[in-house]
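Here are my notes on the model, point by point. Please read them with the structure open.

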Amino acid sequence: MIDKFTDWLRDSAKVLHENAAYLTELDSAIGDADHGANMDRGFAAVVAVLDETSFDSVDELLKKAGMTLVSKVGGASGPLYGTFFLRFGTALAGLSLTPESIGTGLRAGVDGVLARGKAELGDKTMYDAWAPALDAYDAAVAGSGDLGAALKAAAEASAKGRDATVPLEARKGRASYLGERSVGHQDPGATSTTLLLESAARTLA
Amino acid sequence: MKKLINDPADVVSEALAGMAAAHPDRLRVDHENRIVYRKEAPRPGKVGLISGGGSGHEPLHGGFVGLGMLDAACAGEVFTSPVPDQMMAATKAVDAGAGVLHIVKNYTGDVMNFEMAAELAAADAGTEVLSVVTNDDVAVQDSLYTAGRRGVGVTVLLEKIVGAAAEEGRSLQEVADLAQRVNDNGRSMGMALTSCTVPAAGKPTFDLAENEMELGIGIHGEPGRQRLPLAPAREVASLLVDPVLSDLPYTQGDSVIAFVNGLGGTPLLELYLMYNEVAQLLDRAGITVARSLVGNYITSLEMAGCSVTLLKVDDELVRLWDAPVNTPGLRWGA
């Protein structure tokens, strides 16, 4: 399982690198044009850690990834994604990896994002992608019990949540300064969250 | 993109190397952590003052390190807040036992990273840290439904005034209270004639036509609240000064520091022309200008435009403003 989590982080780094210009373009419209470069830099640093270090457990791997993102990214996305992976890893410590425990870990990670960012549903943030993804994941686990199906459902729900940020008026982060002018633009954070979950659906199951 | 750079990825580190080379008498630079230190920090008994933020606002913050202002400044990527590791390293390095004040501009990323750093520094080294968050931008109207007002021009005035107080040997709590008082008495409003280009992005953050201006702009190339037809300087001055005056409010008989700040791409000729308009408006409102500051102090890369900051002052604040300062960006009396 540790190989699959490593694959997830490596695949995420690749996808974020390929989408760096796209994320920055979204951020230019309602933010400050740095989201793509920041995510790319942060995940490249995570890959550098993976190249140098071998991990005995998934929780140690995720915690290290989180610390690396906190240390390398800056902005709001550094603390937010860093906290997500830190809490995800912390929640998995001592647990055997099952669809249920991974779901618990994901939810702990997103709770960390909420505690740090204080966003609510509909504020036009990454939480608008995370929240429906977690619900879809739990529902799929309760239904089929299959990790692959649950991650696929989470990625699809995340994409819907991402698309639903377009008509919203931003209430958190730098986009909130635009008021109603933020309407009509897709949230960059919800977009990068969806890329991470789509990557998870490809690599973790 | 036309810039005097080598590789967009190296802009911040190479600029810091330049600061170290240009000011070896006053500064030393930790290149690994991207921290500009006052050469003689830590000073025994003195409260350490730290600020930091995204790069691209120079001389803020690194240019305000030195006697009478900051002990350290953490540089992030362009328009991206620094990371907690940097603030932690700086906090530990400038703590001489009297504690450390973090001066943070109110942006989501800056606040989160400084919060994490303060938690970690307290847990790790037992350093006493207090924070002040500047939020003087009146362009952000509905702070209940936004990330709150942004920290802009008042940050410069605060670093100067609070720096002088720390130099006098005041306690951490006194220095923090003074910082809050300065923030509470300052208000700003900015406008842009052009956008700016983040080196890593390679193209302007937004488009602004020849005959347009952006009112209520921040300092990150983020669009403002309102796009208006370009107007003469006299009208622009009113658009900036009126919302500032009515917000605190500043009233007849008040004494202020009046600060006309360039965003990086506007010549001093135009900034002084703007100051002339601002001074007339203040005079008409019965407000006395105790001190003034005109120039590029908190910038947004090469953006053309300006901001107006007013800080209501009493004799004590004026005395601290006049106290000696010797930094690359601001120097008098020393």
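1. Contact first: two residues are in contact if their C-beta atoms, placed from the backbone, lie within 7 Å. Domain bounds come from an automatic or database domain assignment. This is a predicted model, in which local features need pLDDT of at least 70, side-chain atom pairs count only at pLDDT 80 or more, and totals for chains, interfaces and linings use all residues. Residues are numbered from 1 along each chain as its sequence is written, with chains lettered from A and ligands numbered from 1 in the order in which they are written.

2. Domains of chain B. The assignment gives domain 1 (12-185) and domain 2 (186-312). Their centres, taken over C-alpha atoms, are separated by 23 Å. Helices here (H or I, at least four residues) and strands (E, at least two) are DSSP runs, numbered from the N terminus.

3. One sheet of chain B. Which strand order does it have? 6 strands form an open sheet in the order β1-β2-β4-β3-β5-β6 (chain B), with mixed pairing. Strands β1 and β6 (129-134) of chain B stand at the edges with a single partner strand each, so one side of each is left without a neighbour in the sheet. The twist averages 20° from one strand to the next. Two strands pair if DSSP finds at least two bridges between them. Angles run from 0 to 180 degrees between N-to-C directions, and axes are lines fitted to C-alpha atoms, for helices over the stretch in contact.

4. Pairings in this sheet. Strand β1 (residues 27-30) of chain B is joined to β2(B) by 4 bridges and runs antiparallel to it. B:Arg28 stands opposite B:Tyr37. The two strands form a hairpin with 4 residues between them, and B:Arg34 in the turn has a positive phi of about 55°. Strand β4 (residues 72-78) of chain B pairs with β2(B) in the antiparallel sense over 3 bridges. Here B:Val36 stands opposite B:Ala73. Strands β3 (residues 48-55) and β5 (residues 100-105) of chain B pair in the parallel sense over 4 bridges. B:Ser51 has B:Ile103 as its bridge partner in β5(B). Helix α1 (residues 11-22) of chain B packs on the sheet, touching β1, β2, β3 and β4 of chain B, and its direction makes about 150° with that of β1(B).

5. Side chains of β2(B). In this strand (residues 35-38), B:Ile35 and B:Tyr37 point one way, B:Val36 and B:Arg38 the other, and all are buried. A residue is buried if 20 or more other C-beta atoms lie within 10 Å of its own, exposed if 12 or fewer, and partly exposed in between; C-beta atoms are placed from the backbone.

6. Core. The largest nonpolar core has 173 residues, and B:Val36, B:Ala179 and A:Ala154 are among those with the most contacts inside it. Such a core is a set of buried Ala, Val, Leu, Ile, Met, Phe, Trp, Tyr and Cys residues joined through C-beta atoms within 7 Å. Helix α4 (residues 154-167) of chain B gives the largest share, 9 residues. Domain 1 and domain 2 of chain B each contribute at least three residues. Not counting residues up to four places away in sequence, B:Ala179 touches B:Leu101, B:Ile103, B:Val132, B:Leu158 and B:Val162.

7. Another sheet of chain B. 6 strands form an open sheet in the order β9-β8-β7-β12-β10-β11 (chain B), again with mixed pairing. Strands β7 (residues 186-192) and β12 (residues 305-312) of chain B run antiparallel, joined by 7 bridges.

8. Chain interface. 27 residues of chain A are in contact with 31 residues of chain B. The largest share of the chain A side, 3 residues, comes from α4(A).
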